[in-house]
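Morning, everyone. I have one structure to go through today, and I will keep to what can be read from the coordinates.

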Amino acid sequence: MLKQPQPKKVFNDRSSRPGELSRQDVAAIIENELAVSHYQPIVGMTSRSIIGFESLCRARHPATGEPIPPPVLFDAASRYGLLVELDRLCRRKALMGFAAVSCKLPEAMLTINFETSLLDLGVAGSGNILNMVDEYNLDPATIVIELVESKVTDTEALAAFVAFYRKHGFSLALDDVGAGHSNLERIALLQPDVIKIDRSLISGVERHFYKQEIIRALAGLGHHIGSLVLAEGVETQEEALTALDLGADLLQGYLLGMPRPDGGAATGWCVAEINALGEKMVDQALANAARNEQWGQHLEGIFSWLREQVNQADINNLGSMLMRMIEQQPRLECVYVLDNDGRQISETVCAPNKISYRGQVLYRPAPKGADMSLKRYYLMLKAGLKRYASSPYISLASGNQCVTLSLWFDTADGRRMILCADFDAESFVGRRNTD
């Protein structure tokens, strides 16, 4: 463990309230370098390897020796106009310590935090980070500069900062994406090498559908622009497995390694955790494959049942046929029939216990004669499929999340028609666990 330098002076501002840092406290921390860097591993699970570390600054009170939470320290430094000095101290400690950590993992990268709000103060273009990297004989290609883009309003200064360090071989990461007031437009503008999805989205993600959809969208955006997606703050195997399923490429968090001054002996301390998660990934993949096989058989059974109900149907008695289907299949919400041109030729027959309008205008079943020719479940059949199962979506008939199954069938008088059956997504898709 790195030894903390002994303080040259001790400051004590008696005017500061208990629990607060005075200007003298912050100045003493900076002058006496009362900070160390801890290194938390960043893991690539597909290779079961540590690909790098994030440096996290840890400081102690100059008088009491008590640890100071980083947000408290940086907030105080900002109030007293010492943010530049503190930021540079933490960065220096990070690079100094990493020179020793990287001896054990020469290919590992280091992510260092840059206090992005400084760009609004005109602190840009000094080359301080580049000079420090040179001082400690580190390769810029192994250094990733983390930015919180929401902390800066000067977009031009931010873009210039990114361009300068990219030119010198550094990589860039956007931190805390999905938290606070993240500007998604800037993700595309800056095209970071790494997008770090904030812990607030990762926490309990396996239980929250809305978090899953946000992460899926962020991962899709990141991959589209060539960024790796990192899930930070992972604390449980369930969070890790869900994040990976949703598109995360890298993981970071207490589950896989605590921040330590030596980086966990530069990988040795989290081998067991990585292997345990790897085994869970294998188990989940095998279980998902088995469930998907069962799901395919189940879906085949539903399509067969639907086809039996409508085969050789009487065009003059579509309503009674559709009502029988609703009565026999409790997971059905709505059923209706389209002609070859996508025009609805039946009323939309709905399950009364699943539809509640309460006077809404937005959600109403489509009437007979409605044009459905731009609906995906129609277009896919017109493109040549014999049947189609949609992804979950919000039904304009009910306001509920549903899945539509559509298939061709022939009426008794030889007409070619399309049956559309809307199923309640929660009970229908809940039976499937995709990989």
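Predicted model: local features only at pLDDT ≥ 70, side-chain atom pairs only at ≥ 80, totals over all residues.

The protein has 435 residues, and 47% of them are buried. By secondary structure, there are 14 helices and 15 strands. If you take the contacts with a separation of 6 or more, 63% are between residues 24 or more positions apart. The exposed surface comes to about 21,300 Å², with 51% supplied by carbon and sulfur atoms.

Now the interior. In general, nonpolar side chains tend to be buried together in soluble globular proteins. Here the largest nonpolar core holds 78 residues, and the members touching the most other members are L95, I129, I145, L147 and L251. Which helix gives the most to this core? That is helix 3, residues 83–101, with eight residues. As for L251, if we leave aside residues up to four places away in sequence, its contacts include P41, I42, V43 and M45, and also A231, V234, L256 and L277.

On to the strands. Strand 4, residues 109–113, has parallel partners in strand 2, residues 49–60, through three bridges, and in strand 5, residues 143–147, through four bridges. Is strand 4 enclosed or open? Four of its five residues are buried, so it is largely enclosed by the rest of the structure.

Helix 3 has 19 residues and should span 27 Å at 1.5 Å a residue; the C-alpha atoms at its ends are 27 Å apart, so the two agree. Its buried residues include L83, L86, L89, A94, L95, F98 and V101, but also D87, R91 and K93.

Helix 11 covers residues 271–310, which is 40 residues. From first C-alpha to last it reaches 58 Å, close to the 58 Å expected at 1.5 Å a residue. Among its buried residues are I274, L277, W295, L299, I302, F303, L306 and V310, together with N288 and H298. After helix 11 comes Q312, with a positive phi near 60°.

Aromatics. The whole structure has six aromatic pairs. How are the rings of Y39 and F98 arranged? Their centres are 6.5 Å apart and their planes are at 40°, so this pair is tilted. Y39 is in strand 1, residues 35–44, while F98 is in helix 3, so the pair ties together parts 59 residues apart in sequence. Y39 and F98 are both buried. F164 and Y165 also pair, this time edge-to-face, with 4.8 Å between centres and 80° between planes. Within that pair, F164 has a relative accessible area of 27% and is partly exposed, whereas Y165, at 4%, is buried. F164 and Y165 also sit in a cluster linked by ring pairs, along with F114, F161 and F170.

Finally, single residues. R186 is in helix 6, residues 184–190. Is R186 buried or exposed? Buried means under 20% relative accessible area, and R186 has 8%, so it counts as buried. Residues up to four places away in sequence aside, R186 touches E149, S150, V152, T153, T155, L158 and Q191. Its C-alpha atom is 9.6 Å from that of L174, which is 12 residues apart along the chain.

Q191, which R186 touches, is in the loop between helix 6 and strand 7, residues 194–197. Most residues other than glycine have a negative phi. Q191 is not a glycine, yet its phi is positive, about 45°. Its relative accessibility is 44%, so Q191 counts as partly exposed. N137, again not a glycine, has a positive phi of about 55°. N137 is in the loop between helix 4, residues 128–135, and strand 5, and it is exposed, with a relative accessible area of 71%.

That is what I have. Thank you.

Methods. Residues numbered from 1 in each chain as written. Heavy atoms only, no water. Core = buried A, V, L, I, M, F, W, Y, C linked by side-chain atoms within 4.5 Å. Buried < 20%, exposed > 50% of the residue type's maximum accessible area, 1.4 Å probe, protein only. Helix = DSSP H or I, 4+ residues; strand = E, 2+ residues; numbered from the N terminus. Contact = heavy atoms within 4.5 Å. Pairing = 2+ DSSP bridges. Areas by Shrake-Rupley, 256 points an atom, 1.4 Å probe, with all protein chains shown as cover. Expected span 1.5 Å × (residues − 1). Phe/Tyr/Trp six-rings, centres within 6.5 Å; stacked < 30°, edge-to-face > 60°.
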